[in-house]
Amino acid sequence: MMTEELDVSGQDSDGGSEEVVLTPAELIDRLEQAWMNEKFAPELLETKSEIVECVIEQLDHMEENLRRAKKGDLKVSIHQMEMERIRYVLSSYLRCRLMKIEKFFPHILEKEKTRGEGEPSSLSPEEFAFAKEYMTNTETYLKNVALKHMPPNLQKVDLLKAVPKPDLDSYVFLRVKERQENLLVEPETDEQRDYVIDLEEGSQHLIRYKTIAPLVASGAVQLI
Amino acid sequence: MLCEKAMELVRELHRAAEGRLPAFNEDGLRQVLEEMKALYEQNQSDVNEAKSGGRSDLIPTIRFRHCSLLRNQRCALAYLYDRLLRIRALRWEYGSVLPSALRFHMSAEEMEWFNHYKKSLATYMRSLGGEEGLDITQDMKPPKSLYIEVRCLQDYGEFDVDDGTSVLLKKNSQHFLPRWKCEQLIRQGVLEHVLS
């Protein structure tokens, strides 16, 4: 049942489209990697819409195949379990993203507003719409219930200041997929100095997220 | 003591157990807003006195009242925002229809916020592709098995199982049903997962 290959269109840094053909197993691998990265990263990561779309397509195919299959066939149960597992990972991934969007909404929307032309977005178009609606809904509520009844000079509140930012200094566990040389680690306190480390392929580390954030985005490390 | 009422609002939520939503304290909020109005008016007249009457000795009091105003604003907004977060959690816990006991604890405006949130979430889930999108409020736990044993805690009536058959959910009846179909009913308290 799972022998078709799928197209995942990615954008490379020149803004051009590159077609990468993945087997279903590779697609689910990519989903699980995106899921774990999103779970353990303190901030909202880049959107992976193509993976989400392909996984949903894959689930639809599997459902179609199951409907045509013989009832009571053992294969049916096994494939149903596989579908449930995939659906769980996908739902968990999307839930994790929504929770971060709601938690950090002013900062995420500000980042999107000031995003450069070539920079990838952290939000899918649908997540962006959701985030804007969440902001409007909350702002309107606070205004109508409290702010507009307050003295004139206190009727505005700066949500960027009032809502906490993600803590990029929090520590994360990672496994190195691509060897990195001369990674600059900034000191935590003023007494310490900058130092440089190498990350060997396959090694595991506990390190501040901020130091390795770009490596998560590029796929050079996997958060665990 | 200034800002006492505002502190009470914050304390009320701090004391409420994890996720619990106490009744909306309309009175408390109103008193905070009234205190803010009084402080502001006192400050207005003192500022005029200070400017025209040369009463610069009033300035520390003016500053103090301004700090109280800021504190009241911050406490009031924290109270309201924290309640919104609890209400948001209700959508994920209970589904789109809230038990009436909880609805009584919400103000009309909070209900409106909840309705907008529900709608926004539904639009997002529908957009996820496939025919009806993907309901991500399901599948909250990793699946351990396809079918689970459940006991019915209340009379629910007919319940459709996938392959066209249906079961009658009567109080105390036990059934062996697909896990994902039961999830929401378990959360609502209609079914109970029997762990043997």
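Leaving aside neighbours within four places in sequence, which residues is Leu90(A) in contact with? In this predicted model, Leu90(A) touches Leu31(A), Val52(A), Val55(A), Ile56(A) and Leu59(A), and also Leu134(B). The points below cover the nonpolar cores, the contact between the chains, and the layout of chain B.

**Nonpolar cores**
- Leu90(A) belongs to the largest nonpolar core, which has 74 residues.
- Leu90(A), Leu94(A), Leu80(B) and Ile136(B) are the residues with the most contacts inside that core.

**Contact between chain A and chain B**
- Chain A gives 39 residues to the contact, and chain B gives 44 residues.
- The size of an interface is often given as the accessible area lost when the parts come together.
- For chain A and chain B, the buried area is about 3900 Å², and carbon and sulfur atoms give 68% of it.
- Of the area that chain A buries against chain B, 17% comes from Glu84(A), Arg95(A) and Tyr141(A), more than from any other three residues.
- There are 3 salt bridges between the two chains.
- Glu84(A) also forms a salt bridge with Arg179(B) through their side chains, at 2.8 Å from N to O.

**Layout of chain B**
- Chain B has two listed domains: domain 1 covers 4-127 and domain 2 covers 147-193.
- The centres of these domains, taken over C-alpha atoms, are 41 Å apart.
- An unreviewed UniProt entry places the feature "domain: GINS subunit" at residues 42-128 of chain B.
- Residues 42-128 of chain B are 82% helix and 0% strand, with 55 Å between the end C-alpha atoms.

Note on methods: Residues are numbered from 1 along each chain as its sequence is written. Chains are lettered from A and ligands numbered from 1 in the order in which they are written. This is a predicted model: local features need pLDDT of at least 70, side-chain atom pairs count only at pLDDT 80 or more; totals for chains, interfaces and linings use all residues. Side-chain values use heavy atoms; hydrogens and water are left out. Domain bounds come from an automatic or database domain assignment. A nonpolar core is a set of buried Ala, Val, Leu, Ile, Met, Phe, Trp, Tyr and Cys residues joined through side-chain atoms within 4.5 Å. Buried means under 20% relative accessible area, exposed over 50%, partly exposed in between (1.4 Å probe, protein chains only). Contact means heavy atoms within 4.5 Å. UniProt positions are given in the numbering used here, feature names are shortened, and annotations may be inferred rather than shown by experiment. Helices (H or I, at least four residues) and strands (E, at least two) are DSSP runs, numbered from the N terminus. Buried area is the accessible area (1.4 Å probe) that two parts lose on being put together, summed over both. A salt bridge is a side-chain nitrogen of Lys or Arg within 4 Å of a carboxyl oxygen of Asp or Glu.
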